[in-house]
Amino acid sequence: MLKENLLDYLKSSKDYVSGEKLGEILGVSRSAVWKEIRALRKDGYIIDAVTNRGYMIRDVGDVINSAEIKTNKLIGSKVICFDEVTSTNEECKKLGLNGSEEGTVVVSDTQTSGRGRLGRVWKSKKGTGVYMSILLRPDISPVKIPSVTLCAGLAVCQALKYDFDIDSEIKWPNDIVCGGKKICGILTEMTGQLQKMDFVIVGIGINVNNEDFPDEIKDKASSMFLISRRKFKRSPIAKAVLERFDKIYSDFSQNGFKAIKDEYEKNCINIGKRVNIINRDGGFEALAVEVDDNGELVVLKDNGEKLSVFSGEVSVRGVY
Ligand code: BTN
């Protein structure tokens, strides 16, 4: 707490602040202030210390901490950061079961058992990606939960595109792709009964500074670094996604998927293209026409039949 308060104060002051003054404000000794300054430096903050003037933050490294990520909105109002967890979805689930409020976010520098969709593993190398999970308590029918994932996909797409100049698109339902390769995946998990869910966890994994990928996925995966040849600080990315998600989720909660449908479709790579629908009986090709009000993909088969495809039951591979 002392470290966080000190950080908040230093971040809000434009000039040097003496150790004595900081001690007074925070109700601790000057040596306690110095100890926390050292801890902040270890975290990655670059703090100048000048005799007779005091301390000032000069720069922030690639730190993962609450002070850099939390927002003043519902989503991200409380952010809990870890150096290492098994899975942020798992940590967030514990918070959900303990009654934490909607909008609480868990972020970690690395995951030892990051989970992907369809039981896959989400490789979560330390210091390279954004691994975060958002706790939601939406007042909607469980059948509409897939649309929440679509909201999160749109938030990531907008943040990468408008805030970080990464030309990303959504591959329905919720992969974010760039130059045909995946740079973000989203795993939504629900807790409760089918009729009445307790809460939803939206887990987001973004490949940020990865310089390479294992052979088995390197044709399909990419990162913000590989696309732009720029290195990024991860906390501002997490924060931008949370801020965009807050707006999209609020529009969605009030007016349903139709509130964000146009924007989603505008960013969705599949619309107007031929797609390959893969289901349990094999698959078929069709033209993707739109995303309907339930977030389902409407496709037109070659025999003229129109049908809606539900994100949970098929995977869609673009034919492009
Ligand atoms: C996918 O397979 O496309 C979904 C990947 C989701 C990965 C994220 S990383 C943060 C959160 N915690 C997890 O264990 N998984 C999600």
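A polar contact here is a pair of N or O atoms within 3.5 Å. Keep that in mind for the views below, which show a predicted model.

View 1. Start with arginine 117, where a backbone N or O atom sits 2.7 Å from an oxygen atom of the ligand. Glutamine 111 uses its side chain instead: a polar atom there lies 2.9 Å from a ligand nitrogen atom. Threonine 88 also brings in a polar side-chain atom, this one 3.1 Å from a nitrogen atom of the ligand. On its own the ligand has 420 Å² of accessible area, and the protein covers 99% of that.

**View 2. The shell around the ligand.** Which elements give two or more residues to this shell? They are α5 (88-97), β5 (129-136), β8 (181-192) and β9 (197-207). The largest share, four residues, comes from β8. There are 19 residues around the ligand, and Ser87, Gln111, Arg115, Arg117 and Lys182 come nearest. Sorted by class, the shell has ten polar, five nonpolar and four charged residues.

**View 3. A look at valine 289.** You'll find valine 289 in strand β11, which runs over residues 282-291. Is valine 289 buried, partly exposed or exposed? Its relative accessibility is 31%, so it counts as partly exposed. Setting aside neighbours within four places in sequence, valine 289 touches Ile271, Val298, Val299 and Leu300. Isoleucine 278 is eleven residues away along the chain, and its C-alpha atom is 17 Å from that of valine 289.

Key
Residues numbered from 1 in each chain as written. Predicted model: local features only at pLDDT ≥ 70, side-chain atom pairs only at ≥ 80, totals over all residues. Heavy atoms only, no water. Buried < 20%, exposed > 50% of the residue type's maximum accessible area, 1.4 Å probe, protein only. Contact = heavy atoms within 4.5 Å. Near = heavy atom within 4 Å. Polar contact = N/O pair within 3.5 Å; in protein donor to acceptor, adjacent residues only side chain to side chain. Areas by Shrake-Rupley, 256 points an atom, 1.4 Å probe, with all protein chains shown as cover. Nonpolar A, V, L, I, M, F, W, Y, C, P; charged D, E, K, R; others polar.
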